Amino acid sequence: MLLPLKLINYIVPMLATAILLLLLFSHYLDLPSLSSPVPISTSVRPRGPKAAFTDLVAAFELWDAEVGCAWFREKHAGWATNASAIRPDDDNDECAAARMSHVSVLVKGWTWIPDSMDDLYPCRCGMTCLWTKSPVLADNPDAVLFESVTPPATRKKGDPLRVYMDLEASRKPSGFEDIFIGYHAKDDVQSTYAGTLFHKSRNYHVSSQKRNDVLVYWSSSRCLPQRNQLAKRFLSLIFHHSFGECLNNVGGPDAALSLYPECSMSENLVPHWWDHLHCAMSHYKFVLAIENTITESYITEKLYYALDSGAVPIYFGAPNVWDFVPPHSIIDGSKFSSLEELASYVKELADDPIAYAEYHSWRRCGVMGNYGKTRAASIDTLPCRLCELISRKGGRNARS
Ligand SMILES: *[C@@H]1O[C@H](CO)[C@@H](O)[C@H](O)[C@H]1NC(C)=O
């Protein structure tokens, strides 16, 4: 209390100002000067560091920070696909045309159709659909489905409808069916391979770490000469693991479980390669997928497995593959002028977390393109879609 209050009010601010000025002139404090350049925002997309990476989620975070979904959605807003590549499923007259409240399908002469498909399906318009392999449960079926055998040559009114299914590339009707199921939009019922029924019991573990020493996963046990040649030429250019019979380089078939024990289903079960396929693929940045036949709309589970497992497919197959998958989801091998060019693109991508993460944006930013329809037309929904058609035709009452 030595100085009067009024004096403090004057002296303290004066002293403070003097000290500040002194500091400024002696460059202790560097305040920004108006003439220094101010960063200008650019419209150019920022590029992150290129670096070897293994952590997929960390790569996603880099992409989010530097690119982001808004940019991705805008970039692909005009993404054009051929809507007729997939049969429409939203026929508004469906209920009006539906005549039957219940339809039963007896699956006969089957080879690979999984038993897990046997079910009573609730379908649209309140209809139910019994899909069964049991002639006991479907003793009086509305339709009989043939997959590996030719249907009877004739059918009278009152007999079950004859359904024939061929999802192979050749897609040949038997000539004796009332309904033909194939993979193509022009078939009576289309069934894509983009379903989970193909692999109901599987280890679905997805690795968060992607290998950086080995970039490409491949597995094939039907060593067709053309596919094998292409795979051999491409894989010679890049570090890869080949798990199947063809070009095996992991010490024999089924080495996946010794590399990735976490992919095992159960210690008591004899492992099948398909049980751990999904989990094994997830450790790789890329999965090579080559169709056995290159033809329009023929896209098999080889591609969808890779997408499902969180890998980026390197695809050789249907020329119209983009009508079935989301934008920027796969690497279309046929678009490169040489396999060398493709290999160097893949290697660069493997060391660029942001560019690599962008191949996963479709699943993180909302699915664009036809992919939703591709999945809706898969074998998972085949029972209801077939039963609805049988109903529209009138089932056993259909004219012969
Ligand atoms: C669209 O897809 C359908 C069915 O696959 C095909 O017949 C047609 O030629 C395609 N159109 C174009 C323009 O690619």
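User: Okay, so helices here are DSSP runs of H or I with at least four residues, strands are runs of E with at least two, and both are numbered from the N terminus. Where does His 102 lie, then?

Analyst: His 102 lies in strand 1, which covers residues 102-108. Keep in mind that this is a predicted model.

User: How do the lining residues divide into nonpolar, polar and charged?

Analyst: There are 24 nonpolar residues, twelve polar ones and eleven charged ones in the lining.

User: Why does the pocket lie between domain 1 and domain 2?

Analyst: Because both domains give residues to its lining. Domain 1 is 56-76 + 196-370, and domain 2 is 95-191 + 378-397.

User: Back to Trp 274. Where is its place in the chain?

Analyst: Trp 274 is in the loop between helix 6 (256-259) and helix 7. With 37% relative accessibility, Trp 274 counts as partly exposed.

User: What about Tyr 305? Which charged end sits over its ring?

Analyst: The charged end of Arg 202 does, 4.5 Å from the ring centre. There is also Lys 285, whose charged end sits over the ring of Phe 53, 3.7 Å from the centre of that ring.

User: Nice. How many aromatic pairs are there?

Analyst: The count comes to 14 aromatic pairs. One of them is Phe 336 with Tyr 345, where the ring centres are 5.4 Å apart and the planes are at 50°.

User: Why is that pair called tilted?

Analyst: Planes under 30 degrees apart would be stacked and over 60 would be edge-to-face, so 50° makes the pair of Phe 336 and Tyr 345 tilted. Tyr 345 is partly exposed, at 29% relative accessible area.

User: Which residues form an aromatic cluster?

Analyst: Tyr 217, Phe 243, Tyr 260 and Tyr 284 form one.

User: Last topic, the backbone. What is the phi of Ser 297?

Analyst: Ser 297 has a positive phi of about 65°, although it is not a glycine. Ser 297 is found in the loop between strand 10 and helix 8. At 5% relative accessibility, Ser 297 counts as buried.

User: And what is the phi of His 328?

Analyst: His 328 also has a positive phi without being a glycine, about 55°. The place of His 328 is in the loop between strand 11 (312-316) and strand 12 (331-332).

User: Is His 328 buried or exposed?

Analyst: Buried, because its relative accessibility is 19% and the class covers values under 20%.

Methods
Residues numbered from 1 in each chain as written. Predicted model: local features only at pLDDT ≥ 70, side-chain atom pairs only at ≥ 80, totals over all residues. Heavy atoms only, no water. Nonpolar A, V, L, I, M, F, W, Y, C, P; charged D, E, K, R; others polar. Domains from an automatic or database assignment. Phe/Tyr/Trp six-rings, centres within 6.5 Å; stacked < 30°, edge-to-face > 60°. Buried < 20%, exposed > 50% of the residue type's maximum accessible area, 1.4 Å probe, protein only. Lys NZ or Arg CZ within 6 Å of the ring centre and 35° of its normal.
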